[in-house]
Each structure stands twice: as structure tokens, then as C-alpha cells.
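Please examine the structure shown below.

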Amino acid sequence: MRATRVATWMSTGVLALGCALAWSAPSDPLAPVGAFAKPASAAVRPVTETLWGRQVTDDYRYMEEQRPETLAWMKAEGAYTRSVLDAIRPLPKLRAEMAAFSASFGLIRGYTLYGGRAFYEERTPGSDNFDLMVRDSAGTRKIVDVAALRAAHDGQPYAINYFLASPDGAKVAVGVSAGGSEDAAVAVYDAGTGRKIAGPIDRAQFGATAWNDDGTTLYFVRLKKLAPNDPPTEKYKDATADAWSLKSEPVPVLGAGLGHGPAFTHEEFPAVVIGVGSPMAAAFSINGVQNELAIWLTPVARIADPRADWMKFVTRDDDVTGIDMRGDEIFLLSHKDVPTFKVLSVRAGQPLSTARTLVPASPDRVIEAIHAASDALYVLANRGAYSQLLRIPGGTDRVEEVALPFAGHATEAFSDPRQPGVTVLMSGWVVPPTLSAYNPQTRSFRDLKIGTRGDIDPAAFVVSDLKASARDGTMVPLSLVQPKDVKGPQITLIEAYGSYGISNFADFSVRRAMAISQGITYGVCHVRGGGELGEAWRLGGKDANKHNTWEDLIACAESLIARGTTTRDKLFIIGGSAGGI
């Protein structure tokens with residue numbers, strides 16, 4: 001392998017890490033004393049083909065066949081890499097520091113509040129498990145303790161797949177799977193006592209979708225029961241939406257093979273969705289990973305009636321990806337003719353053609369989610385890497401911006417159409433996840449102080465939002481985090497992804513936090529192919545435009561060198577999965 005300024009390690013096919021090392025065959029002058037001898041380079045066997053009118057040569061196509069010689073080479077590379085890392089004398093101390101640092105954080109997710117009870121999953125500092133918690137006037141307690149489940153089953157792994165609290169807060173449905181299978185069974189617990197009152201019911205991998213308002217019936221997606229000779233893939237066909245009274249076996253109410261209700265294909269997943277306090281129920285058709293929905297409506301009281309008239313409301317061509325309800329108001333999130341999304345409003349029982357645009361699309365923001373509360377509709381959007389919260393008071397078309405507690409990205413939000421305000425879970429580049437409740441009367445947020453913030457001081461760092469000029473003149477956003485008061489060129493790590501419209505938002509990452517706590521400057525280059533700037537930004541790094549993805553990263557790196565932030569010898573890059581490109 002000839003000497004190069006930047007070496008790229010491809011260890012598993014899903015991670016690429018480049019660093020400023022000068023490697024030369026046959027030895028590695030930077031390998032610590034005690035490392036194995038560097039293995040011989042892989043054989044070069046060129047295969048040339050024409051792609052988009054250009055000849056492209058792949059020297060290592062043969063590796064895809066995973067012949068014995070390839071596997072032996074991969075194992076030798078892995079053993080050598082392991083020996084290099086293990087021979088680095090400061091590494092054990094760094095590992096201990098990393099373990100202590102990462103274990104100082106406690107994470108939460110899925111916060112909901114019904115009937116005066118808060119429900120959420122929490123992974124406490126040092127734990128490997130997310131447990132289901134409930135907090136009310138009697139205190140905070142666990143409803144599902146995953147460590148206890150493991151202990152009771154000889155250490156077999158368990159995980160919570162999902163949970164759904166009833167609108168009165170009296171019950172909670174929980175899907176739990178064993179052994180990493182994701183094949184969840186659903187059970188229902190009394191939220192006051194923690195006692196299991198129904199279930200478990202098997203084949204409930206894809207979740208509980210709704211309770212009726214009085215908490216007597218749970219609706220969930222159920223996979224079909226396989227016949228003895230069925231192939232495993234058959235379990236994902238002919239799923240049903242079941243109604244469960246908690247007293248008898250669940251009853252299918254929607255599905256391709258039932259002979260009534262909306263027409264579903266054998267591959268589509270049917271789901272019942274009910275807005276709290278809404279007179280109408282929605283039947284969803286979920287088509288694999290497609291975001292666009294098909295939706296039908298019927299009165300809540302007629303869900304289980306085989307003769308119910310389900311009104312076709314939304315087709316996939318309407319490009320609707322989200323829905324929420326408040327009484328007889330229905331709010332829809334749609335990207336029809338507007339790649340950055342708009343919010344529509346329509347009355348229950350009226351066709352989609354009567355909908356009005358409540359929040360119009362804007363080219364400089366991407367609307368992500370809608371949440372109906374009694375006082376207003378709350379809308380989460382993104383401007384670049386950062387979240388924006390909009391508020392539309394009930395009965396008006398007025399769009400107000402609500403100042404968030406800090407600059408960052410909101411990953412979750414919760415609202416109850418019977419109660420005012422919204423609760424937002426958000427974090428920032430140097431701010432751990434924080435759960436805050438917005439009070440529309442005081443126009444302020446209150447920190448709910450749930451979760452553990454960990455061993456980091458946000459004031460010790462400086463966040464800069466920069467731009468780098470790409471080869472074609474496009475300005476590429478670059479988020480940079482530095483220890484405060486640094487001087488001179490810094491060891492700098494730049495992260496990038498840039499595929500499928502997935503965005504690198506201003507979220508807190510323990511991995512990033514560990515790097516900056518060691519004095520490293522950390523940059524996130526928002527390359528084309530990602531979704532930070534909308535659909536056009538995604539398409540700008542797709543197919544024949546894919547070269548923009550890595551050229552944008554090069555532009556970010558050259559920009560930081562030109563600014564004096566770092567030098568070529570102190571610059572590292574990292575990307576995972578498709579970001580390994």
C-alpha cells in the first residue's frame with residue numbers, strides 16, 4: 001500500500017474512519033511497540049464497468065464473494081487492528097474514563113401525561129435497560145423492571161418495545177420482547193398498583209395504537225398465526241387490527257382477509273387510531289417503510305361493527321404523513337406539492353378537498369410533527385440543524401413562534417387535546433436531553449427534571465454555526481463545538497452522513513461529548529444527501545449528484561484548515577453506515 005495522507009479503515013462494512021496517518025508497506029511506523037506485524041495488502045483484481053457514461057474500476061469486487069482468502073485477510077486485518085489498539089499504553093485509562101463518563105448520563109423517552117400520571121421509559125445511569133416508569137402524587141415507581149425480568153428468566157435479555165397509557169391514566173399497555181427477537185407480547189398493567197391485569201397476548205410486535213376514551217378497549221396490530229409449514233416471512237402478511245376488551249380474546253376488526261371494512265392488501269398493516277376525545281376513529285394503512293398514509297374514518301362507536309361505513313379520507317397520493325385530532329378538528333401534515341411540508345385543517349366528516357392550509361410551507365424550514373392541545377396546535381419544525389416551535393391558537397390562523405428553552409433539536413413532544421400546553425424533549429450539541437413543559441398562560445417552559453444530565457458543563461464549550469463553500473459554490477452548513485478559550489490549531493474530528501434525507505440535527509451525543517471532554521474540537525458537516533435543508537438538499541447528494549456528499553465534506557475540512565482551527569495532520573473524519581462513503 002503506497003504512502004497516503006489519509007488512510008481509510010473499513011472494518012465491518014458499516015463504519016469508515018479516516019485519520020491523518022502516514023502508512024507505508026510493509027510496516028506501520030506509527031503502530032505502538034508490541035503490535036503484530038502489518039498484514040500484506042489485499043490482492044488487486046480490477047473489474048471495470050460503465051456507470052452513467054463513465055468507466056469505473058473496482059479493484060476489490062471479488063471480496064463480495066467472501067472466499068476463504070478474503071475472510072482470512074479480513075481476520076488478519078482485524079487481529080492487527082486489535083493489536084495496535086491494545087498496545088496503546090494510555091488506552092486502558094481512557095476506556096475507564098469513557099465508561100465512567102457515559103455511565104453518568106440517564107436517558108428518557110416516550111413521555112406522556114394522562115389523568116395526572118406521567119409515563120416514560122428511563123435508562124438510569126450505568127444501566128443497560130430502559131424501564132417503564134410512572135410518576136404521580138404517590139411518587140415515582142417502575143411498572144416494568146427489565147433487570148428483574150432478566151433475573152427471573154436466567155439472564156435472558158428482555159426489552160420494552162413500546163407502551164401506551166389509557167387516556168384516564170389508569171392503565172398502561174406494554175409490549176415486551178425476549179432474546180433480541182423484537183417479537184413483542186402485549187400486556188396491560190394497573191398504573192396505580194403496577195399489577196398486571198391482562199395478557200400477555202402474542203404476535204404484537206408492531207404495537208398498541210389506541211385506547212378508547214374510557215380505557216376499556218385496547219387496539220393493537222397483530223401478526224397472523226403461522227401454519228406449521230409456512231415460511232417465516234409469511235408472518236408479515238395479513239396482519240389485523242384487533243380490539244381487546246382485556247377480558248376475552250382479541251377480536252380482529254380490520255384486515256385484508258376479514259371481508260369487511262377498508263380494502264387492505266395482504267402486505268399492508270391496518271391500524272386503528274383514535275384522537276383522545278374525538279368522535280371519529282381513523283383506520284390507517286401502513287405500507288412498509290413508506291411514510292405516506294392511506295386513511296379512512298368512521299364514528300368511534302362503530303369501529304367493531306362489520307357493517308360500519310368507513311369513509312375514504314386520505315390516499316397515498318395526498319402525501320399525508322401525520323395526523324392529530326382535537327374534537328371534530330383533524331390536522332394533517334402533508335408534503336403535497338411542497339417538499340418542506342404544510343399543515344392542513346379539516347372538520348371530521350368533510351372530504352379532504354375542503355381542507356384549508358393552516359401553516360403554509362416555507363423553503364427555509366421543514367415541518368416535522370403536529371401536536372394538538374386544548375389551547376392551540378403546536379408544530380415542530382427544523383431550520384437547518386435546529387428545532388423551531390410554532391403555535392396556532394385555537395379558532396385562528398395566526399402562527400406564533402414559541403421560544404424554546406435553548407438552541408437544540410426536539411426529538412419528541414407530547415400534548416393532550418383536553419389540556420393546554422405542550423411538553424418537549426430536546427437536547428443540544430452540549431446540552432443533554434431535557435424535558436420541559438410549556439405553559440401558554442405564562443408563555444414559559446418549566447424543566448420537569450426527569451432524567452440525569454451527566455458529567456458535562458455546557459458552559460465549558462463554544463458552539464459555532466459556520467458555512468463552507470463547496471466546489472460548485474454551494475454553502476454547506478458546518479456545526480462546530482470547541483472547548484472554551486482554545487488557542488492554535490486543534491485536534492479536530494468531523495462527522496458526516498448524507499444519505500436518504502437523514503439529518504444530523506443538534507442532538508446531544510455521549511460519544512461527541514466524550515470527545516470534546518478530552519479537548520477535541522468536534523464538527524458536524526451537514527453534507528448534501530441529508531435532510532437538514534429539505535428535499536432539494538437530499539436530491540443534491542443522490543444518484544448522479546452523490547459526489548456532492550463527499551465534496552461537501554472536503555469543503556468543510558478545507559474551511560477549518562483555512563480558518564486555523566486545525567491542520568491536515570490534526571484532522572480526522574468519521575461516518576457510519578452509508579456515511580462510511
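A polar contact is a pair of N or O atoms within 3.5 Å. In this predicted model, such a contact is found at the start of helix α4, where a side-chain oxygen of Ser509 comes to within 3.3 Å of the backbone nitrogen of Arg511. Helix α4 itself spans residues 510-517, and its buried residues are Arg512, Ala513, Met514, Ala515 and Ile516. Just after α4, Gly519 adopts a positive phi of about 90 degrees.

Several elements cover the buried residues of α4, including α2 (91-102) and the strands β33 (461-469), β34 (475-483), β35 (492-495) and β36 (521-525). The axes of α2 and α4 come within 10 Å and cross at roughly 130 degrees. Because of that angle, α2 is oblique to α4. The crossing of these two helices is right-handed. On the α2 side, the contact is made by Leu94, Glu97, Met98, Phe101 and Ser102, and on the α4 side by Val510, Ala513, Met514 and Ser517.

The largest nonpolar core has 29 residues, of which Tyr111, Leu132, Val144, Val172 and Val174 touch the most other members. Among the elements that give two or more residues to this core are β5 (107-114), β7 (131-136), β10 (171-178) and β31 (434-439). Strand β9 gives the most, with 4 residues. Leu132 touches, among others, Tyr120, Ile143, Val144, Ile160, Phe163, Val172 and Val174. Apart from this core lies another, of 21 residues, which includes Phe269, Leu293, Ile295 and Ile330. In soluble globular proteins, nonpolar side chains tend to be buried together.

Note on methods
Residues numbered from 1 in each chain as written. Predicted model: local features only at pLDDT ≥ 70, side-chain atom pairs only at ≥ 80, totals over all residues. Heavy atoms only, no water. Buried < 20%, exposed > 50% of the residue type's maximum accessible area, 1.4 Å probe, protein only. Contact = heavy atoms within 4.5 Å. Polar contact = N/O pair within 3.5 Å; in protein donor to acceptor, adjacent residues only side chain to side chain. Core = buried A, V, L, I, M, F, W, Y, C linked by side-chain atoms within 4.5 Å. Axes fitted to C-alpha atoms, helices over the stretch in contact; angles between N-to-C directions. Parallel < 35°, antiparallel > 145°, perpendicular 65-115°, else oblique. Left-handed = near helix turned anticlockwise from the far one by under 90°. Lists of a residue's contacts leave out its neighbours within four places in sequence.
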